[in-house]
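Thank you all for coming. I would like to take a few minutes on a single chain, and I will ask you to keep the sequence and the structure in view while I talk.

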Amino acid sequence: MLRTYLKTAWRDIAFNKLYSGLNIAGLAIGMAVALLIGLWVYDQCSYDRFTPGYQQAYQVKYNFNNNGEIQTQSDVAIPLAAAIKNNVPGIAYTALAYGPAPYGNQTDILQVADKKLSPTGLVAGADFLKIIRLPVLEGSIDNALNDYSNIVITESTAKALFGDTDPLGKSILHNNWNRKVTAVLKDLPANSTLQFDYITPWMSFENGWVKLASTNWNNSLFKLYASLKPHVTFAQVEPGIKLLVQKYAPVTYQSFGQQVTMQPMKDWHLYTEYKNGIAVGGLIDYVWMFGIIGVLVLVIACINFMNLSTARSAKRAKEVGIRKVVGSSTRGLITQFLLESTMMAALAFLLALAAVQTVLPSFNALAGTHIAIPFRNTLFWLGMSGYVIFTGLLAGGRPAFYLSSMQPVKVLKGRPTSSGPTGHFRQVLVVLQYTCSIALITATIVVYQQIDHARNRPRGYDPNRLVISEAVGVPFTKLKHDVMATGAVSNITECLMPITDVYSHDPLTDWPGKKAGESLSLIDAAIGDTDYFKTLGVPFVAGRNFTGNVGADSTAVILNEAAVRRMRLKEPLNQTISWSFNWVAQHMKVIGVVKDVLSNAPFAKAEPIMYIWQPGWSFTVMYRLSPQVGTQAALDRIKPIFEKYRPDYPYQYHFADERYAEKFGRERLVGRLAGIFAALAILISCLGLFGLASYMAEQRTREIGIRKALGASVPQVILLITKDFVILVAISCLIASPLAFYFLQRWLDGYYYRIQLGPGVFILSALMAIVITIATISFQAIKAALMNPVESLRTE
C-alpha cells in the first residue's frame with residue numbers, strides 16, 4: 001500500500017510540473033531560511049558551553065549608582081578577589097585577570113629565535129584554568145600559572161613559534177622577558193567569548209601601578225572570575241557577596257553603593273545589557289527575533305502549499321470521487337495526500353540543504369560566524385527528519401483533510417468550485433503571508449534609517465584622515481618632531497585612550513552644588529599634549545586650553561558640555577571640583593569647556609568627560625594625515641619613524657572613522673539579515689501569488705473570452721484579474737502597519753538617539769508590496785487578456 005501511495009504521489013508531482021515546481025521551490029526557500037537561522041541560533045546559544053563545569057563558572061561584576069542610575073560594570077577592584085574567597089564558603093576558586101582586550105592598545109611580542117608574533121594575551125591568576133577548564137594538550141593546569149616566568153600558550157601559537165618541536169619547557173621571549181612554557185591549550189573555539197593566544201601569570205603583573213592598586217578598592221580596572229563548589233547555587237552565595245564592598249570599603253561604598261553580583265558563564269555572550277542591575281537582554285533579543293522570523297518564513301512557504309493545493313482541488317475532485325466509489329477510505333486518502341506533501345517537503349529539504357551549504361561561506365562572512373552543517377552528527381539527521389515530516393504535515397494538513405472530505409456524489413455530478421469557505425480561507429492565508437512580508441520590509445527600512453541616523457550624528461570631532469597608533473614607552477616629543485618633519489601629517493598629539501574608546505570612569509568626590517548622597521562618575525581622558533583638541537578638531541565653548549606647564553596644568557581640568565550640565569554649573573570656569581587620583585584627593589580648577597564628543601556609544605547620550613593633564617599616562621598617539629599627501633604615501637613616510645622609536649614592535653594603525661563604524665556592527669548585521677529574509681519572504685509570497693494568478697486565469701478562461709467578445713478591453717481584463725489580489729495586499733498593509741509600528745517602537749525605545757516613526761515608512765512599504773504584487777501577476781493577467789476569445793470559448 002505504501003508503495004502504491006508513493007508511486008501515485010510521484011506521478012502527480014511529475015504530471016503537474018508548474019504547480020509542483022512552485023510548491024517545491026517555495027518550500028525549499030522557506031526551509032533553507034529556517035535551517036540557516038536555526039544553525040545561527042544554535043551557534044549563538046552554544047557559546048561558552050564547551051568547557052566541563054561551565055555551569056559553575058561565573059564572572060564577578062559590580063552594580064553601582066552612576067549619576068542616579070543603577071548600572072553594571074565588568075571591571076572590579078583587586079581586593080575583592082580575596083574578600084570573596086575568605087568570606088563565601090560556597091566559592092571554590094577565584095582568579096583575577098587583565099585583558100584580553102589590550103588596554104592602551106598595547107601590543108605584546110612573543111619571540112623564539114627569529115620567529116616573532118604579536119598575539120592577543122591574557123594575564124590571569126593561578127586558579128584561572130581551574131575555573132575556565134579549557135582543554136589541555138600538554139602540561140598540567142595545577143602549576144601552570146604559579147610562577148613569575150611561566151607562560152601558557154595555545155596550540156596555534158605553539159605551532160607558529162616552535163613548529164613540530166615539543167614546546168613544553170621551552171623558553172619564549174615575552175616583551176624581552178624570558179618565560180617557560182608550562183602548558184599548551186587546545187585552540188579556543190569560535191563560540192568562546194574569551195579569545196586569547198597565551199596566558200601569563202598574575203603575579204608577574206603585580207608591579208608598579210598594579211601593585212599600588214592591589215589594596216585599593218577605588219581602582220576598578222580588572223576582571224574577576226569565580227567558580228562555585230559542586231551542588232552550590234548562586235542563590236546560596238549571593239547574600240554573602242552582595243555587600244562585601246560595604247564591609248571592606250565603606251568610603252568607596254558611600255560614593256557609589258557598589259553591590260557585588262555574578263554572571264554565569266552560559267550568559268556571557270547572550271546577556272550583555274543590564275537594567276537596574278539585572279541582565280535583561282543583549283544578543284538574546286536578536287536570537288529570539290530571528291528565530292521568530294525563521295518560523296514566519298517557513299509558515300509563509302507552507303501557506304503557499306496550502307493555497308495552491310486547495311486551489312487545484314477541482315482538478316483532483318474526480319480522482320477523489322472515483323477512489324471513494326471504488327472503496328478508498330477517508331483515512332487512506334488523508335494518508336496519501338499527506339505522503340505527497342511530505343515527499344515534496346523531502347525534495348524541498350534536499351534543495352534547501354544544497355542552498356544553505358552554498359551560501360554558508362557568504363553568511364559566515366556577513367555574520368562573523370564559523371557555522372558549518374554537522375553532516376556527521378546523527379542527532380542532526382534525526383532532527384532534520386522530524387523537520388521534514390513536520391513541514392510536510394504543516395503544509396499538507398489542510399489540503400489533505402479538505403480533499404478527503406469531498407462527497408463522491410456531488411463530485412461526480414459536476415465540477416466543484418473553490419469558492420465559498422475554502423476560497424475565503426485561501427484569501428485569509430494570502431493576507432497572512434503578505435502581512436508578515438510587509439512587516440519585514442518595514443523593519444528592514446527602519447533599521448537602516450536608524451543606522452544612518454546615528455552615522456550622521458555629529459560626533460564632536462573631525463574623523464577625516466584621523467589615525468590612531470599605540471605609543472607605549474615612546475619619547476613623544478622626539479616622535480612628534482620627526483613625524484611633523486615628514487610633511488605627511490598636519491597635527492599629532494598623545495593621550496591615554498583613543499577618541500573612539502573609553503578605558504575608565506572616575507568618581508568626583510565634590511563639586512559646587514553637590515547634593516547630599518549624590519554621585520557622579522566622569523570619563524577620565526588623560527592627555528599629554530597641548531595639540532590634543534586642535535588635532536581632533538574639538539572646539540572650545542568657553543575658557544582656554546592647557547599651557548603645557550606641568551606645574552600649572554596638574555591642577556587644571558577641562559570639562560565637556562555634558563559634565564557641565566550634569567553638575568548644573570551655570571558658570572563653570574574657575575570652579576573647583578574634587579576627585580581621587582592615585583588614591584589622594586585632588587582639587588582641580590575648571591579652565592575650559594569643550595563640545596561633547598561621542599567616544600563610545602553612538603546611540604547613547606554624550607557622557608560627561610573631564611580632560612586632565614597627565615603626560616605620563618600617554619599610551620596612544622593620534623595624528624591627522626595631511627590632505628596634500630596621499631593616504632598610503634603618508635603612512636609610508638610615518639612607518640620608519642615609529643619603527644625607529646619602537647624597533648621591537650610592528651607599526652600598527654587604525655583609522656578613527658573605521659573604528660567608529662565597528663560600533664554599528666550589531667545593528668548593521670540585523671539590518672542586512674532582516675533585508676535578506678524580507679526579500680526571501682516576498683519571493684516565496686510571489687511564487688504563491690504567481691501560482692494562484694495562473695490558476696485563477698485558467699479557471700476564468702471562458703469568462704474572459706465572453707467578456708472580450710462583448711467588448712471588454714485588454715486593460716479591463718487585466719484589472720479584472722489583478723484587482724482581487726491588490727485588495728488582499730492592501731488589507732495586509734493595513735494589518736502589518738500597526739503591528740510593525742508596535743514592535744519597532746519597542747525596539748527603538750532601547751536607543752537614546754533614535755529616529756521617530758512616521759507614516760512615510762509604512763506608505764513606502766505598502767507601495768513596494770503593491771508594486772511587487774502587480775509585477776508578479778501581470779504576466780498571467782496580460783497573457784489571459786491577450787488570448788483569442790475564440791480559443792477561450794472552446795476551452796469547455
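Predicted model: local features only at pLDDT ≥ 70, side-chain atom pairs only at ≥ 80, totals over all residues.

A search of the whole structure finds 17 salt bridges, and I have picked out a few of them. Let me begin with Asp75 and Lys223, which form a salt bridge whose closest N and O atoms are 2.8 Å apart. This pair links distant parts of the chain, with Asp75 in the loop between β2 and β3 and Lys223 in strand β13, 148 residues apart. Are these two partners buried or exposed? Asp75 counts as buried because its relative accessibility is 15%, and Lys223, at 16%, is buried as well.

The next pair is Arg666 and Glu273, whose side chains meet in a salt bridge at 3.7 Å, N to O. Here Arg666 lies in helix α22 and Glu273 in strand β15, so that the pair links parts of the chain 393 residues apart. Arg666 counts as partly exposed, with 29% relative accessibility, and Glu273 is partly exposed too, at 39%.

Asp596 sits in the loop between β24 and β25, while Arg565 belongs to helix α19, 31 residues away. In this case Asp596 counts as buried at 17% relative accessibility, whereas Arg565 counts as exposed at 53%.

Let me return to the surroundings of Lys223. Gln59, which is found in strand β1, counts as buried at 8% relative accessibility, and Lys223 is among the residues that Gln59 touches, together with others including Ser74, Tyr225, Met262 and Trp268.

Turning to helix α16, which spans residues 476–485, its buried residues are Phe476, Leu479, Lys480, Asp482 and Val483. These buried residues pack against β18, β26 and α20. One of them, Lys480, is also linked with Asp529 and Asp531 in a network of salt bridges. After α16 comes Gly487, whose phi is positive, near 75 degrees.

Finally, how many disulfides does the model contain? The count comes to zero. As for individual cysteines, Cys302 is buried, with a relative accessible area of 1%, and Cys495 likewise counts as buried at 1% relative accessibility.

Methods. Residues numbered from 1 in each chain as written. Heavy atoms only, no water. Buried < 20%, exposed > 50% of the residue type's maximum accessible area, 1.4 Å probe, protein only. Helix = DSSP H or I, 4+ residues; strand = E, 2+ residues; numbered from the N terminus. Contact = heavy atoms within 4.5 Å. Disulfide = S-S within 2.5 Å. Salt bridge = Lys/Arg side-chain N within 4 Å of Asp/Glu carboxyl O. Lists of a residue's contacts leave out its neighbours within four places in sequence.
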